[in-house]
Amino acid sequence: MRQAGRSAATILDKLCSLVKPGMSTLEIDLAGGDLMKEFGVKSACKGYRSGNRIFPSFTCLSVNQEVVHGIGVKNRILQSGDVISVDVCIRENGMIGDNCRTIPVGKVSPEISRLLKVTEESLYLGMRLALDKNRVGDVSHAVQKHIESAGFAVITNFVGHGVGRSLHEDPQIPNFGKAGTGPKLRRGMAICIEPMVNMKSPQIRMAKDGWTAIAVDEFPSAHFEHTLLVDEDLPEILTIPEGCGKTEEYFSSKISEFAA
Ligand code: MF3
Ligand code: CO
């Protein structure tokens, strides 16, 4: 899981640094596929089955009002002022690493920057509670509280998840809920926490492609995700690239800016 997480995070970093106005989402996806090849890992998105539908691209790329599970396409050209969620989910030696981040393309408005910041903060505040003997609801509640107190809307149609040999394992990790409820977290469990946040309304609809979820309010949407390991003192974030220093330092540096 550590190895898969590190690869997923490094690929996400590299892919995000390539994103520029004028690129199509297909170009970005193919670059993601090339990186996976270079790292000797497989996409866990491409070929993913839901009913009789098969996910066609290497990564999920969701632009502006697209919430999650966007497909890389030739005619979707990024412009300055857009945001794009880059979701990299890979399999390495049989184990999954799954992470996502929404990034600005060129310069975005202050309100969009705030949406991205609040969503990432909610992820860190939730992760901080992914501790042995806590309950899933403790994580969910922390995420929801932060998003809603900022005036944004938590999406409830999609949730985080346990992760391991399969991409989606038990338990579900909702981004909403009551503290003290739900399954108990235990040391050594691997989970993905992934808040998905709309600006005004939590409602989403499905695009004609059968995959892309779209915000009905048509405002930009944000999605941040890490794969992590539940532990007793602090969780261990698995989706960090090599060279970030000790996990604990990485984690507490992120938290201290946000937690005030
Ligand atoms: N991070 C996404 C998730 O946990 C990855 C989805 S892969 C897809 O759902 F194939 F379903 F798009
Ligand atoms: Co996930």
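**Cysteines and the ligand site**

Good morning. C192 is buried, with a relative accessible area of 0%. I begin with this residue in a model that is predicted, and I shall then turn to the ligand.

Which cysteine sulfur is closest to that of C192? The sulfur in C89 is, at a distance of 7.2 Å, which is too far for a bond. As a reminder, a disulfide is a covalent bond between the sulfur atoms of two cysteines. The rule applied here asks for sulfur atoms within 2.5 Å, and by this rule the count comes to zero disulfides. C89 is likewise in no disulfide, its nearest cysteine sulfur being that of C45, 4.6 Å away. C89 counts as buried because its relative accessibility is 1%.

Let me now consider the polar contacts. An N or O atom in the side chain of D87 is 2.7 Å from a nitrogen atom of ligand 1. For D98, a polar side-chain atom lies 2.9 Å from a nitrogen atom of the ligand. E194 approaches an oxygen atom of ligand 1 instead, with a polar side-chain atom at 3.1 Å.

How much of ligand 1 does the protein bury? Taken alone, ligand 1 exposes 340 Å², and the protein buries 97% of that. The space that ligand 1 takes is the largest pocket.

Thank you; I would be glad to take questions.

Methods
Residues are numbered from 1 along each chain as its sequence is written. Chains are lettered from A and ligands numbered from 1 in the order in which they are written. This is a predicted model: local features need pLDDT of at least 70, side-chain atom pairs count only at pLDDT 80 or more; totals for chains, interfaces and linings use all residues. Side-chain values use heavy atoms; hydrogens and water are left out. A polar contact is a pair of N or O atoms within 3.5 Å; within protein, one must be able to donate a hydrogen and the other to accept it, and residues adjacent in sequence count only if both atoms are side-chain atoms. Accessible areas come from the Shrake-Rupley method with a 1.4 Å probe; for residues, only the protein chains shown count as cover. On a 1 Å grid over the protein atoms alone, a cavity is a set of points where a 1.4 Å probe fits but cannot get out, and a pocket is an open set with protein on both sides within 12 Å along at least five of seven lines; lining residues have an atom within 4 Å of a point. A molecule sits in a cavity or pocket if more than half of its atoms lie within 2 Å of its grid points. Buried means under 20% relative accessible area, exposed over 50%, partly exposed in between (1.4 Å probe, protein chains only).
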